[in-house]
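This report walks through selected features of one protein chain.

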Amino acid sequence: MSERSTRAFAQYPYLARRFAARLPTLRSGIEDRHHAVVIVGGGIVGLATALALARHGVPSVVIEADDSVCVGSRAICLSRRSLEILTRYGAARKFLATGLPWVGGRSFYRDEEVLHFSMPHDENQRLPPMINIQQYYIEDFLLEAAESSGLVEVRWQSRISGICASKSGVRLSIETPVGGYELDTEWAIGCDGARSSVREAAGLRLRGTSYEGRYVIVDLALKSARQTERLAWFDPPSNPGSTILMHRQPDDVWRIDYQLRDDEDPETAVLPENVIPRVANHLRMIGERQDWSPIWISLYRANALTLETYRAGRLLLAGDAAHLVPIFGVRGANSGFEDADNLAWKLALVVRGAARKELLDSYSAERVPAARENLRQGMKSTEFMSPPSFGFELMRTAVLGLAARQSFLRPLINPRQTQAIRYTDSPLSLSDRTTWSAGPEPGSVALECPVTLCDQEAPRFGHFTELLAPAFTAVCFTENGRPPEELAMLAVSAGAAVPLRVVGIAARQPSAPVPACGWDHTGRLTALYGAAPGTVYLFRPDGHVLARWHEPATHAVHLALQRVLGASAPEKGP
Ligand SMILES: Cc1cc2nc3c(=O)[nH]c(=O)nc-3n(C[C@H](O)[C@H](O)[C@H](O)COP(=O)(O)OP(=O)(O)OC[C@H]3O[C@@H](n4cnc5c(N)ncnc54)[C@H](O)[C@@H]3O)c2cc1C
């Protein structure tokens, strides 16, 4: 568990909305309504899951212990993949308007620059590779989007104090300042963070590594003209022996994280009289001469832990409740968005009775290996930031000392920023039966590319992923943008419970509007997907490839969907 010792200053810039506790209508102390889904915890992952479920048409109740969105300095780096997910749920606008896109990063050893990288970006992308934005903004914008869906009810100042199985699912005991009550739900999702009570009730234990090294997290108000880059200093002259990270955030807020020495007492180290001189030394060293003031100080210790399963009967776990990823590599909240995206469409199908509940096991089967990959990368970054042994330290000193002149060593300093993870061994994906020259393999996320959207009289510039709905999407590459009739009819016969959209990619500009059609005006999309007229890619509602075929395989698409849904047998037991 992350250890934090926190202090907020008068200049703390964010005035969060505060919400009162309230009780639902009760009968003998039990809520008179039975819920399909209750989410425990209204942090990033709880709110993202509620929003995602709402976009799939499923209402939920969020039970949140606090009276507002988070306070303090936690996640700031939001990945392109998280922005893609938010875009698909129609909620990205405020994130993009407020967040600061990264240009790249620089690392220094003592007073020498040893690494300069640009963020991966190419002409096909519509979203920045990474933005910096404070966690309170992330939660507030998610809350707004969830509230405006009309399908999410957040109950503030409501703490889960008991969880047990009930005849129809799960019974939760809830305490609030205005009284306690119980409620029944078919499914409960634990998004209640590092100290999750849902995890405890499920009898599950986090396993992995906890690191000893501690970091001081300082937010400060500073007007600086520096770019939005990830800046890292190893053993800097201003703070010998330490590692310092610096990030720009919106509203002229800067974040500085610095490593404590092993012999420093953490509680003393976070006192302002000890923090302020260190930050002042650092700012002086990098030439920032203007006035600044502290906003927030806290303490952080890295953990690399995950559960071995994220489902225990009717209890599901997501975000920090399921895994704790070191902050170096920025995968905590970002992987939580992917958990929410993965879980929501599956749970929506199950709640609607369109899929068997065993579909939810694939959530675990896909997201546990994803967490392990995130942990592997996060641990490499953590061990480079604060070497756990003398051997690591020697290796790091050698790499840093030589990297300025030996370019082959620089990738070892690279902070390994988060990327979308392919579900390599997913039980849902259909493996390729034929060879492909290019394109995302089953389990991978859709590749982005500009297209011309041709569904209206005036064609307009857009991007491929705009054609992917939060539904299954069969994308057929064609000459004229019109998929074969048989494939188009499949969307109708699938019915409302299994939303399927059929999209055509036109090789030539259509002469009249075509519904759900993109014209590959550059030819790059067809090449990127290794496609030819007749190629079909079937995407899942979370934008991962389920299967692909070289010919318009209507029956194969139907079977691939059936495989995901399973036979719709009546449900019995948990
Ligand atoms: C210093 C720092 C920097 C970070 N930087 C990044 C970054 O740049 N990028 C990134 O991706 N991640 C980052 N992270 C990680 C990120 O903050 C977390 O992964 C993320 O907040 C997890 O969200 P969550 O919703 O799962 O849990 P939380 O944010 O912990 O939310 C859990 C919620 O559950 C509520 N709750 C708890 N118990 C109960 C209960 N019994 N009943 C009801 N409600 C309850 C809590 O009040 C809370 O609101 C950082 C973390 C730290 C500490």
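## Surface patch and helix packing

Leu23, Leu26 and Val178 make a nonpolar surface patch of about 210 Å². The model is a predicted one. Leu26 is partly exposed, at a relative accessible area of 32%.

Two helix pairs deserve a look. Helix H8 (residues 332-351) and helix H9 (residues 359-385) have axes that come within 9 Å and cross at roughly 170°. H8 and H9 are therefore roughly antiparallel to each other. On the H8 side, the residues that meet H9 include Ser335, Glu338, Leu343 and Leu347. On the H9 side, those meeting H8 include Leu359, Tyr363, Arg367 and Asn374.

Helix H11 (residues 485-494) packs with helix H13 (residues 554-565) at an angle of about 25°, and their axes are 9 Å apart. H11 and H13 are therefore roughly parallel to each other. H11 contributes Glu486, Leu487 and Leu490 to the contact, while H13 contributes Thr554, Val557 and His558.

Arg110 is not a glycine, yet has a positive phi of about 55°. Arg110 sits in the loop between strand S7 (104-109) and strand S8 (112-118). Its relative accessible area is 42%, so Arg110 is partly exposed.

Val330 is not a glycine either, and has a positive phi of about 45°. The loop between strand S21 (323-324) and H8 holds Val330. Is Val330 buried or exposed? Val330 counts as buried, at 16% relative accessibility.

Pro470 lies in the loop between strand S23 (460-463) and strand S24 (472-478). Pro470 counts as partly exposed, at 23% relative accessibility. Pro470 and Ile85 are 385 residues apart along the chain, with their C-alpha atoms separated by 9.4 Å. Beyond its neighbours within four places in sequence, Pro470 is in contact with His56, Arg88, Tyr89 and Pro541.

Glu153 is part of strand S10 (residues 152-155). Glu153 and Val61 are 92 residues apart in sequence, but 4.8 Å apart in space, C-alpha to C-alpha. Not counting residues up to four places away in sequence, Glu153 touches Arg22, Arg33, Ser60, Val61 and Val62.

## Salt bridges

How many salt bridges does the structure hold? The structure holds 41 salt bridges. Glu153 takes part in a network of them, linked with Arg22, Glu31, Arg33 and Arg155.

| Side chains | N to O distance |
|---|---|
| Arg126 and Glu466 | 3.7 Å |
| Arg171 and Asp184 | 2.8 Å |
| Glu358 and Arg356 | 3.3 Å |

Take the salt bridge between Arg126 and Glu466. This pair links distant parts of the chain, 340 residues apart. Arg126 is in the loop between S8 and strand S9 (130-132), and Glu466 is in the loop between S23 and S24. Arg126 counts as partly exposed at 29% relative accessibility, and Glu466 counts as partly exposed at 37%.

Next comes the salt bridge between Arg171 and Asp184. Arg171 lies in strand S12 (residues 169-176) and Asp184 in strand S13 (residues 179-190), 13 residues apart. Arg171 counts as partly exposed at 24% relative accessibility. Asp184 counts as buried at 12%.

In the last pair, Glu358 counts as partly exposed at 38% relative accessibility. Arg356 is partly exposed, with a relative accessible area of 31%.

Key
Residues numbered from 1 in each chain as written. Predicted model: local features only at pLDDT ≥ 70, side-chain atom pairs only at ≥ 80, totals over all residues. Heavy atoms only, no water. Patch = residues over 30% accessible without salt bridge, like charges linked within 9 Å, V, L, I, M, F, W, Y side chains within 5 Å. Areas by Shrake-Rupley, 256 points an atom, 1.4 Å probe, with all protein chains shown as cover. Salt bridge = Lys/Arg side-chain N within 4 Å of Asp/Glu carboxyl O. Buried < 20%, exposed > 50% of the residue type's maximum accessible area, 1.4 Å probe, protein only. Axes fitted to C-alpha atoms, helices over the stretch in contact; angles between N-to-C directions. Helix = DSSP H or I, 4+ residues; strand = E, 2+ residues; numbered from the N terminus. Parallel < 35°, antiparallel > 145°, perpendicular 65-115°, else oblique. Contact = heavy atoms within 4.5 Å.
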